[in-house]
Amino acid sequence: MSEPFRRTPEGIALDLPETLRTWLADQAKEAAADAVRVDGPVHRRLLGPINPADDHDDPVSELQRQFEVEGSLGVLIATAHTDLLSDEEAEDWIRAFQLMLAATAARLSILSDDDVAGLDEEAATTVTTFQAGISLMIDALDG
Amino acid sequence: MDGTDTGQFSDTDTLQRLDSPWDVVLWNDPVSLISLVVRVLRKLFSYDLATAERLTMSVHNDGKAIVWSGEKEKASAYCVALHGYALAATIQPSA
């Protein structure tokens, strides 16, 4: 298989199987949905207060953060089946990979290296897929 | 105001609190890649590679590190930007 993300004069070319594109879009939709479930672990991880002394951020800051989370995940969902990303869209993919990774860690209560080592095969594959996506996209963008 | 101590913050106290520096604290998490954290610190704070790597290894080894200090509004903005990359960051008054 060729490089999944490759720098071209027009932007970042994507070479991913359709099944992986669909899976990524589904994961992004799930992370976006979980992020706004206020009593859930994903919400606490992605949108918890920036000042631990407060129960929650001020409403403007809360909205801004929710907008950013939904924005990056939304870009991945909207461009999951395209062949070419702009640099800005590729940066959103990095953010989206990170958000999906953090959402997965929150759902699985991954708090330590031991927790990572103890993951079952499917969960471990999910984590390493997101990590590989981040690493490969950074290489394509900055390399 | 008559200068009587009411037990609440005076205007001066409030101004001092607003002017006091705040820290941006970055917390370790077991799934974020070191290379990603270094890149984000360089991108957001314009740190050179050595500074970004030193701070990232402090986070990794010590569980947390203060990655920036300054006025509260800017600290909040940096913290929100770190959260945009799903990095666990908080703000706190500087010690």
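Which residues have the most contacts inside the largest nonpolar core? The model is predicted: local features need pLDDT of at least 70, side-chain atom pairs count only at pLDDT 80 or more, and totals for chains, interfaces and linings use all residues. Residues are numbered from 1 along each chain as its sequence is written, while chains are lettered from A and ligands numbered from 1 in the order in which they are written.

**View 1. The largest nonpolar core.** This core has 60 residues, and those with the most contacts inside it are Ala31(A), Ala96(A), Leu99(A), Met100(A), Val24(B) and Leu26(B). Helix 4 of chain A gives the most to the core, with 12 residues. A nonpolar core is a set of buried Ala, Val, Leu, Ile, Met, Phe, Trp, Tyr and Cys residues joined through C-beta atoms within 7 Å. A residue is buried if 20 or more other C-beta atoms lie within 10 Å of its own, exposed if 12 or fewer, and partly exposed in between, with C-beta atoms placed from the backbone. Helices (H or I, at least four residues) and strands (E, at least two) are DSSP runs, numbered from the N terminus.

**View 2. Helix 1 of chain A.** Spanning residues 18–35, helix 1 of chain A has 18 residues. Its buried residues are Leu24(A), Gln27(A), Ala28(A), Ala31(A), Ala32(A) and Ala35(A). The buried residues of helix 1 pack against helix 2 (41–47), helix 3 (59–79) and helix 4 (87–107) of chain A; contact requires C-beta atoms, placed from the backbone, within 7 Å.

**View 3. The open sheet of chain A.** Three strands form this sheet in the order 1-2-3, with antiparallel pairing; two strands pair if DSSP finds at least two bridges between them. Strand 1 (5–8) and strand 3 (84–85) are the edge strands, each pairing on one side only. Four bridges join strand 1 to strand 2 (residues 11–14), and Phe5(A) has Leu14(A) in strand 2 as its bridge partner.

**View 4. Where chain B meets chain A.** In this view, 17 residues of chain B are in contact with 26 residues of chain A. Helix 2 (34–45), helix 4 (72–84) and strand 3 (89–93) of chain B are the elements that give two or more residues to the side of chain B that touches chain A. Helix 4 of chain B gives the most to that side, with five residues.

Terms used: The expected span of a helix is 1.5 Å times one less than its number of residues. Two residues are in contact if their C-beta atoms, placed from the backbone, lie within 7 Å.
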